[in-house]
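Let's take a friendly look at the charged side chains of this protein and ask who pairs with whom. Please have the structure open as you read.

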Amino acid sequence: MNKETIATFSIVAFDPETEELGIAVQSKFLAVGSVVPWAEAGVGAIATQAKGNTTYGPRGLSLLKEGKSPKEVIELLVENDPEKEHRQIGIMDAKGNSANFTGKECHEWAGAVKGENFTAQGNILVDEKTIEEMASTFQNEKGALADRLMASLKAGQKAGGDSRGKQAAALFVVKENGGYGGYNDRYIDLRVDDHETPIKELERLLNLFYKTFES
């Protein structure tokens, strides 16, 4: 798995009102939710993709805990990584600061855009419209963070998405004591590992989550 490129588009975001942190991701890559999204309530959220380095998740969160900014975290993660030019990262902290990195060897189209309380990034996309639409939709959408992330993901797919097609998607949102029974911070942790329409299936699961746990 670690030798494959994770052609992906994702959005990492923060809601200052609820203090939720979350990531939504789609890819032509089996079980993408097991690789890309990392988050910890009160700390930050990280997407590690392209030739994803899963150590970036826990290491990045640890560095955020130490008080490093997202920009500083990225610099520290990639500085001694011989394959850094094949990596793509999006980081958001619990203060609303974000940063992203796209290595020079990531396959086209690859790039990112950040704005207030979010960063969106993708690689092996049809074109830049995927990321542009994700950003615009997130900024204009109202409601819960999970709903805004889903809307952004849907907009990215509609604009072009992964040039290789669709396979898997995930939505991960954390908040303090947000998990089942209040025993952990994993508020929403939904994954579609292999599906013809993964974003549509992910949205179905989110609606089922609301009906089951929020009603």
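What follows is a short report on salt bridges in this predicted model.

Side chains of opposite charge can pair when their charged atoms come close. Searching the whole structure turns up twelve salt bridges. Three of them are set out here.

| Pair | Closest N to O distance |
|---|---|
| Lys51 and Glu83 | 2.5 Å |

Start with Lys51 and Glu83, whose closest N and O atoms are 2.5 Å apart. Lys51 sits in the loop between β4 (44-50) and α1 (56-65), while Glu83 belongs to the loop between α2 (70-78) and β5 (87-93), so this pair ties together parts that are 32 residues apart in sequence. Glu83 is partly exposed, at 29% relative accessibility.

Next comes a pair within a helix. Glu75 and Lys71 are both in helix α2, four residues apart, or about one turn of the helix.

Glu201 counts as buried because its relative accessibility is 17%, and buried means under 20%. Arg204, in turn, is partly exposed at 44%.

Methods. Residues are numbered from 1 along each chain as its sequence is written. This is a predicted model: local features need pLDDT of at least 70, side-chain atom pairs count only at pLDDT 80 or more; totals for chains, interfaces and linings use all residues. Side-chain values use heavy atoms; hydrogens and water are left out. A salt bridge is a side-chain nitrogen of Lys or Arg within 4 Å of a carboxyl oxygen of Asp or Glu. Helices (H or I, at least four residues) and strands (E, at least two) are DSSP runs, numbered from the N terminus. Buried means under 20% relative accessible area, exposed over 50%, partly exposed in between (1.4 Å probe, protein chains only).
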